[in-house]
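Subject: Structure handover

Hello,

Here is the structure I said I would pass on. My notes on what was found in it come after.

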Amino acid sequence: MTIAHALVAFTVAAGLLTITPGLDTALVLRTAAVEGSRRAMLAGAGICLGCLTWGFAVAVGLGALLAVSQLAYDTLRIVGACYLIWMGLWVLFRKRPAVGVVESADTALLRNAREQPSSWFVRGFLTNVLNPKVGVFYVTFLPQFVPAAISVAPFIMLLAAIHASEGMLWFAALTLATRTLSRWLRRPLVEKTLDRVTGAIFIGFGLALVLERRR
């Protein structure tokens, strides 16, 4: 496999992975709809930093520890599960506007002003980096696209950077898609439904990690 063929194949495969619905898409889509574009893109940037972090771990050999050590995997699995369940509960029970009130953009901004926008970057990063399945996937997926007779670590980081770039483009598309529906999405009933769906997704993923059988 040549370098060009490897890059094209990985770009296509990673692109399909990026647009597959999952935790990352749910977090960014919900954040864009309820919290605004800036927070959504910060969450997306955090997720992409998580991808780069896993890429670095694979490049320097640390990712292999997660793949072969049951203790390392289980530790990250439990920590990640607790975080995902906490995130799901936070989304489900966060304070919302009164039913029957449609917020203006200014009112929505004032309601969210107390929370630092950077916290969404942290949430996106932790959602990705505390998920052991992402780490194991990177360990098994990225090396398949490394051509022979090439420096492995820099090429792994290049692949991770491609995946992160595709992620940012996808998150930007999701964010833009919500802007045309912003007034409708700010309706309390719609907002509550989005929170319920997103919270259920996070709790479901967290419980799946808790109940996962020994590999």
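Gln-144 counts as exposed, at 54% relative accessibility. For these labels, buried means under 20% relative accessible area, exposed over 50%, and partly exposed in between, with a 1.4 Å probe and protein chains only. Gln-144 is found in the loop between H8 and H9. Its C-alpha is 9.1 Å from that of Phe-10, although 134 residues separate Gln-144 and Phe-10 in sequence.

Please keep in mind that this is a predicted model: local features need pLDDT of at least 70, side-chain atom pairs count only at pLDDT 80 or more, and totals for chains, interfaces and linings use all residues. Residues are numbered from 1 along each chain as its sequence is written, and side-chain values use heavy atoms, with hydrogens and water left out.

Overall layout

The chain has 11 helices and 0 strands. Helices (H or I, at least four residues) and strands (E, at least two) are DSSP runs, numbered from the N terminus. Of the 215 residues of the chain, 43% count as buried. Among contacts in the chain with a separation of 6 or more, 85% are between residues 24 or more positions apart; contact means heavy atoms within 4.5 Å.

The loop between H8 and H9

Ala-149 is found in this loop as well as Gln-144. Ala-149 is exposed, with a relative accessible area of 89%. Its phi is near 60°, a positive value in a residue other than glycine. Most residues other than glycine have a negative phi.

Aromatic rings

How many aromatic pairs does the structure hold? There are 6 aromatic pairs. Phe-137 and Phe-141 form one that is stacked, at 4.6 Å centre to centre and 20° between the planes. Rings of Phe, Tyr and Trp (its six-membered ring) pair if their centres lie within 6.5 Å; planes under 30 degrees apart count as stacked, over 60 as edge-to-face and the rest as tilted. Both Phe-137 and Phe-141 lie in helix H8 (residues 132-141), 4 residues apart, which is about one turn of the helix. Phe-137 counts as partly exposed at 30% relative accessibility, whereas Phe-141 counts as buried at 14%. Phe-141 also pairs with Phe-145: the ring centres are 5.1 Å apart and the planes are at 65°, so this pair is edge-to-face. Phe-145 is buried, with a relative accessible area of 10%. Ring pairs link Phe-10, Phe-137, Phe-141 and Phe-145 into a cluster.

The charged end of Arg-123 sits over the ring of Trp-90, 4.3 Å from its centre. Arg-123 also lies over the face of Trp-120, at 4.4 Å from the ring centre. A charge sits over a ring if NZ of Lys or CZ of Arg is within 6 Å of the ring centre and within 35 degrees of the ring normal.

Not counting residues up to four places away in sequence, Arg-30 touches Glu-35, Trp-90, Val-91, Arg-94, Trp-120, Leu-194, Asp-195 and Thr-198. Arg-30 and Val-197 are 167 residues apart in sequence, yet 9.1 Å apart in space, C-alpha to C-alpha.

Thr-25 also lies in helix H2. Thr-25 is buried, with a relative accessible area of 11%. Neighbours within four places in sequence aside, Thr-25 is in contact with Thr-18, Thr-20, Trp-170 and Leu-174.

The largest pocket

About 500 Å³ of space lies in the largest pocket. Of the 24 residues that line this pocket, the closest to its centre are Leu-17, Gly-22, Leu-23, Asp-24 and Val-134. On a 1 Å grid over the protein atoms alone, a pocket is an open set of points where a 1.4 Å probe fits, with protein on both sides within 12 Å along at least five of seven lines; lining residues have an atom within 4 Å of a point. Grid points are joined across faces, edges and corners, and a volume is the space filled by probe spheres set on the points. The lining divides into 13 nonpolar, 9 polar and 2 charged residues. Here Ala, Val, Leu, Ile, Met, Phe, Trp, Tyr, Cys and Pro count as nonpolar, Asp, Glu, Lys and Arg as charged, and the others, Gly among them, as polar.

Regards
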